[in-house]
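Here are my notes for your first read-through. Keep the structure open and check each point as you go.

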Amino acid sequence: MKVCVFCGSSMGNDVRYQDAAVRLCEVLAENDCTLYYGGGNVGLMKVIADKMLEEGKEVVGVMPNLILDMEIGHDGVTKMIETDSMSERKSLLIDESDAFIAMPGGFGTLDELFEIIVLNQLQITDKPVALYNVMNYYDGIIQFIDHAVSQGFIRKEHRDNIIISDDPEVLFRELSKHKSVDIKQWIEDIKEESKGDS
């Protein structure tokens, strides 16, 4: 399986984030996965790349030229793919990967995470996505999503389609048995609820 890991270009303020990244890589390596990631040699990106390489697994980095020019690309990865833009980078990661795991990270990680969630919702893609909720990092995001469900702006089945755990073994198991949401029912429902409101 080709697994894309979205994660921070920073290490975070607690060493347990790095420890969790190492544990995730151990699970991925045990299951003979190839790592796709943002290509950096900094932050949690460096931790996951270094660990997967140490485990003898293939690591593919994808990084825009403008960031490579800042000399933060990882020189030791199996393959580095250069792109012309951030959007091209995301598209390539999404096209090439079979599954996605979001580790703790910042705006870039959230951007990547929500893009694949939306593409799955519209069934432009049909690939599983998981939140690696290390030290309850994503609790605030999860609470917001649940609030949006309660207010009728996110459907429960789309929320339930996001795998959430702080255990990498659980994440991998759930990613492996992913089943997609039926878009036809969702589209029919939103059409029905919108009748007479225009």
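1. Which residues form a nonpolar patch on the surface? They are Val-118, Leu-122 and Ile-124, with about 260 Å² of accessible area together. Bear in mind that this is a predicted model.

2. Look at Leu-122 within that patch. Leu-122 sits in the loop between helix 5 (107–121) and strand 6 (129–132). Its relative accessibility is 39%, so Leu-122 counts as partly exposed.

3. Now the cysteines. The structure holds zero disulfides. Cys-7 is in no disulfide, and its nearest cysteine sulfur, that of Cys-25, is 8.5 Å away. Cys-25 is likewise in no disulfide; the nearest cysteine sulfur to it belongs to Cys-7, 8.5 Å away.

4. Next, helix 2. This helix covers residues 43–54, twelve residues. At 1.5 Å a residue it should span 16 Å. Its end C-alpha atoms are 17 Å apart, which agrees.

5. Which residues of helix 2 are buried? They are Gly-43, Leu-44, Met-45, Val-47, Ile-48, Ala-49, Lys-51 and Met-52. Note that a lysine, Lys-51, is on that list. The cover over these buried residues includes strand 1 (2–6), helix 1 (15–30), strand 2 (34–37) and strand 3 (59–64).

6. Finally, check what follows the helix. Just after helix 2, Gly-56 takes a positive phi of about 80°.

Definitions and conventions
Residues are numbered from 1 along each chain as its sequence is written. This is a predicted model: local features need pLDDT of at least 70, side-chain atom pairs count only at pLDDT 80 or more; totals for chains, interfaces and linings use all residues. Side-chain values use heavy atoms; hydrogens and water are left out. Patches are made of residues with over 30% relative accessible area and no salt bridge: like charges are joined within 9 Å, nonpolar side chains (Val, Leu, Ile, Met, Phe, Trp, Tyr) within 5 Å. Accessible areas come from the Shrake-Rupley method with a 1.4 Å probe; for residues, only the protein chains shown count as cover. A salt bridge is a side-chain nitrogen of Lys or Arg within 4 Å of a carboxyl oxygen of Asp or Glu. Helices (H or I, at least four residues) and strands (E, at least two) are DSSP runs, numbered from the N terminus. Buried means under 20% relative accessible area, exposed over 50%, partly exposed in between (1.4 Å probe, protein chains only). A disulfide is a pair of cysteine sulfur atoms within 2.5 Å. The expected span of a helix is 1.5 Å times one less than its number of residues. Contact means heavy atoms within 4.5 Å.
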